[in-house]
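User: Could we go through the salt bridges in this one? Please begin with what counts as such a pair.

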Amino acid sequence: LDEPNQYVVTLWDLKTWTEVDIVVDERLPVRADGSGFLLGAKPSKDCKLWVPYLEKAIAAHCGGWDKLQGGTCTSAWPMMTGSRNQYTISKNPKSGQYFCSARFNISEQKWSEHSNSPHDSDQSVWKVNWPKVGGGGSADLELTQDKLFHKLVAWND
């Protein structure tokens with residue numbers, strides 16, 4: 001029998017902040033319900049499979065598919081980019097305005113420990129200064145929806 005094709009995906013190890021190569025083959029897991037549907041990400045409408053293969057590599061890197069459950073994009077982006085600078089923008093339910101947070105403890109001036117799986121490290125986030133791109137701002141700054149839009153447009157320039 002022919003061996004399945006293999007792909008090398010380079011990710012970042014978040015404990016050491018070094019690049020690692022993850023080798024995955026073309027076989028993708030399907031749901032246990034017998035439906036034949038893929039377990040995770042689906043191919044694109046034009047049948048491109050890079051997203052399911054990337055997800056398979058991330059699952060292997062994290063220690064298994066169950067280690068992805070409950071993860072967020074801010075868990076995955078550092079692994080793909082090698083950058084701790086991942087921000088979450090949230091809406092304050094009391095004020096109705098938006099604030100910026102990250103896994104950076106502003107009072108201690110240090111990043112929280114990262115791990116490859118969101119299950120293996122503290123996922124706490126703190127309000128942080130807005131990135132300088134788009135005008136910056138203090139950790140206490142909350143923005144209206146319109147002002148947030150203008151800041152995001154500046155980030156895209």
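Analyst: A salt bridge here is a side-chain nitrogen of Lys or Arg within 4 Å of a carboxyl oxygen of Asp or Glu. Please note that the model is predicted.

User: How many salt bridges does that rule give?

Analyst: The count comes to six salt bridges.

User: What is the N to O distance between Glu-142 and Lys-127?

Analyst: The side chains of Glu-142 and Lys-127 form a salt bridge at 3.3 Å, N to O. Glu-142 sits in the loop between S7 and helix H3 (145–156) and Lys-127 in strand S7, so the pair ties together parts 15 residues apart in sequence. Lys-127 is partly exposed, at 33% relative accessible area.

User: Which residues are joined into one network by shared partners?

Analyst: Asp-25, Arg-27 and Lys-56 are joined that way. Within that group, Lys-56 and Asp-25 meet in a salt bridge of 2.7 Å, N to O. Lys-56 belongs to helix H1 (residues 50–62) and Asp-25 to strand S2 (residues 18–25), distant parts of the chain 31 residues apart.

User: Is Lys-56 buried or exposed? And Asp-25, buried or exposed?

Analyst: Lys-56 counts as buried because its relative accessibility is 17%, under the 20% limit. Asp-25 is also buried, with a relative accessible area of 12%.

User: Changing topic: where are Lys-67 and Asp-120?

Analyst: Their side chains, those of Lys-67 and Asp-120, meet in a salt bridge of 2.8 Å, N to O. Lys-67 is in the loop between H1 and helix H2 (73–81), and Asp-120 is in the loop between strand S6 (110–111) and strand S7 (126–127), 53 residues apart. Lys-67 is partly exposed at 23% relative accessible area, and Asp-120 is partly exposed at 42%.

How values were computed: Residues are numbered from 1 along each chain as its sequence is written. This is a predicted model: local features need pLDDT of at least 70, side-chain atom pairs count only at pLDDT 80 or more; totals for chains, interfaces and linings use all residues. Side-chain values use heavy atoms; hydrogens and water are left out. Helices (H or I, at least four residues) and strands (E, at least two) are DSSP runs, numbered from the N terminus. Buried means under 20% relative accessible area, exposed over 50%, partly exposed in between (1.4 Å probe, protein chains only).
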